[in-house]
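Colleague: I have the model open. Can you walk me through the fold?

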Amino acid sequence: MRSHFCTDLSEVNVGQKVVLCGWANSYRDHGGIVFIDLRDKSGLIQLVCDPTDNVHAHKVASEVRDEFVLIAHGHIRARGEGLINPRLKTGTIEVVIDELIIENRSEPVPFQIGDNSVGEEIRLKYRYLDLRNPAMYKTFLLRSKAAIAARNTLDKLGFLEVETPILTKSTPEGARDYLVPSRVHEGEFYALPQSPQLFKQLLMVGGFDRYFQIARCFRDEDLRADRQPEFTQIDVEMSFCNQEDVIRVAEELIVAMFESAGHTVTTPFNRIKFNDAMEWYGSDKPDMRYDLKMVDVIDIFARCDNEIFTGIAANPKMNRIKALRVPGADLVFSKREMKSFDDYVRKFGAKGLGYFQMKEDGLKGPLEKFFLPEDLQLLVERTGMEVGDVVFFGAGDKTTVWDYMGRFRIFIAEHEKMNLIDKDRFEFVWVVDFPMFEIENGRVKALHHPFTMPRDLNHEHLDDIESIAYDIVLNGVELGGGSIRIHKQELQSQIFHLLGIGEEEAQEKFGFLLDALKFGAPPHGGFALGFDRFMMLLSKKESIRDVIAFPKTQKASCIMTDAPNTVDIAQLRELHIRLRETAK
């Protein structure tokens, strides 16, 4: 029906006849001459209908209103002097209409297309209208190009794309499963996959050697800006590999996807051990676009005259006292503001936030009186303080200190008076050597998943065992990660035992995997990248909802389709389900 998209045209097309299709973005009647901004996926172009040129076309144009679907036949002419619109890509030309067809009419729309001031709830309710915004189209064009680049790169590296089941078995992976009742197996359920983890390992047992999938995954968990109940990940697995092989493939994949968006990324990416990430940044996903590294000062505080600090310092294995030097903070923050930072960290379990200011005559602050001059000097040297700097410090059990000081580091970097973050910079880092286990309320859990290869089990304490696991972090956001997997049945059974999974339970939940590992499973490993998070960062959006065509809200609902919803009682009977009434 069309000869061109709107923004395909320029001054080189002056005089040419064209056929354009799209929506009326706006309509103006200037003294009888009708101007229509026509919009398609590429952008806008101006149509002109002059009654002295074509009475019929002008009559049709007079009926046009916003969001009418139009087919326009006309010819290109240059705009006159003083009429150029520099805000439009096509601002130097216009289309003089020879024939205009209203293909479909529109009721008044609930918001102007492209109006970013509209609340997210109404944009999600009318998502199909929000998608008409050319800026939205560009986001999904970028997503498509990144997916194609991923497929082409992995194909070039010898990976085979394989689709794994959506209806599968419920297995514990750290979040709740979405369950699907079976009609033909009364009282039994499928689960939607949280990841293709076990199936991709079985493909390695099957000799496929290199697999990938752009996979849909489902997790019934509380949502945040970077979470959705259904999401997409680029899933990769390979045989006869070590950690270096996997990281090399992941970096080549990421470089190709960034290049598809016109960005150059340098490899190899930096690496940091999990323990160092926690000690220096208070997070296993540190934002490396700015410095602000925490320093351990527990030995200095052990010698002070404050019983609270000396009591904490008496147990350096379980407790921490961390100092965070903020360059120039004394020049921009008042004492009242620095005291108010207490309120921020207390939300995360802190008892308070101490600080010292570096003045011309040395360290000054509320706690100065508790320290000997030589210890204050040692604090200056260890933190690298200069005049105008402030050092903030937190004290307590190590997990709590890591958490609130890590959050405070981000809070300070993002503070409008500091503005330490380069928003245009992409900074990758691999976090490696994760603990194999974590102990929560006396229960042993796998930090990644129970199929991760331990580096060495010969440790007295379970929380000292490291795994061969790795996460890739971009600008403080975990993009994904992976591990080398357990490929021997005996070791996998041993790990299940350490996790408190008995033989009977292991056989019931993972019997098919344990059986497969008996038949010559190769060494293998892999990774998965959260594609939605990846695109959120690549397109510099605030939420992954902006890079998913039809996302759910933070309550896991779809306002547009009103899902989830109730179903007919006959359907429930077929599925052998009876709903229990809840007390009101």
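This is a predicted model: local features need pLDDT of at least 70, side-chain atom pairs count only at pLDDT 80 or more; totals for chains, interfaces and linings use all residues.

Modeller: Residues are numbered from 1 along each chain as its sequence is written, and side-chain values use heavy atoms, with hydrogens and water left out.

Colleague: Fine. How many helices and strands are in the protein?

Modeller: The protein has 17 helices and 22 strands. These are DSSP runs numbered from the N terminus: H or I of at least four residues for helices, E of at least two for strands. The C-alpha trace spans about 95 × 75 × 60 Å along its principal axes.

Colleague: What share of the residues counts as buried?

Modeller: 49% of the 584 residues. Buried means under 20% relative accessible area, exposed means over 50%, and partly exposed is in between, using a 1.4 Å probe and protein chains only. As for contacts (heavy atoms within 4.5 Å), 68% of those between residues at least 6 apart in sequence join residues at least 24 apart.

Colleague: Sheets next. Which strands make the closed barrel?

Modeller: The barrel has 5 strands in the order β1-β2-β3-β5-β4, and the pairing is mixed. On average its neighbouring strands are turned by 55° against each other, direction ignored. Two strands pair here if DSSP finds at least two bridges between them.

Colleague: In what sense do β1 and β2 pair?

Modeller: Antiparallel, over 7 bridges, with β1 at residues 17–30 and β2 at 33–40. Asp29 stands opposite Val34 in β2, and Ser26 has Asp37 of β2 as its bridge partner. The hairpin of β1 and β2 has 2 residues between the strands, and Gly31 there takes a positive phi near 65°.

Colleague: And how many bridges join β1 to β4?

Modeller: Also antiparallel, with 7 bridges to β4 (residues 69–78). Lys17 has His75 of β4 as its bridge partner.

Colleague: Which strands does α1 lie across?

Modeller: Helix α1 (residues 55–63) lies across β1, β2, β3 (43–49) and β5 (93–104), at about 65° to β5. Axes are lines fitted to C-alpha atoms, for helices over the stretch in contact, and angles run from 0 to 180 degrees between N-to-C directions.

Colleague: What is the strand order in the open sheet?

Modeller: It has 8 strands, β6-β9-β10-β22-β21-β20-β17-β11, with mixed pairing. The edge strands, each pairing on one side only, are β6 (160–161) and β11 (270–273). Inside that order, β20 (residues 469–474) and β21 (residues 477–484) run antiparallel and are joined by 6 bridges. Ile472 stands opposite Gly480 in β21.

Colleague: Where does α7 pack?

Modeller: Helix α7 (residues 274–281) packs on the sheet, touching β11 and β17 (428–432), with its direction at about 85° to that of β11. Helix α5 (residues 197–205) lies across β9 (210–218), β10 (230–239) and β22 (524–530), at about 25° to β10.

Colleague: Switching to helix pairs. At what angle do α11 and α13 pack?

Modeller: About 125°, with the axes of α11 (residues 335–346) and α13 (residues 398–414) 10 Å apart. The two are therefore oblique to each other; angles under 35 degrees count as roughly parallel, over 145 as roughly antiparallel, 65 to 115 as roughly perpendicular and the rest as oblique.

Colleague: Which residues make the contact?

Modeller: Phe341, Tyr344 and Val345 of α11 meet Tyr404, Arg407, Phe408, Phe411 and Ile412 of α13.

Colleague: Last topic, backbone. Where are the cis peptide bonds, say the one at Pro268?

Modeller: One joins Thr267 and Pro268, with omega about 0°, and Pro268 lies in the loop between α6 (243–260) and β11. Another joins Ala563 and Pro564, again with omega about 0°; Pro564 is in the loop between α16 (531–538) and α17 (569–574).

Colleague: What is the phi of Glu67?

Modeller: Positive, about 70°, although Glu67 is not a glycine. Glu67 lies in the loop between α1 and β4 and is buried, with a relative accessible area of 3%. Asp433 also has a positive phi, near 60°. Asp433 sits in the loop between β17 and β18 (437–440) and is buried at 11% relative accessible area.
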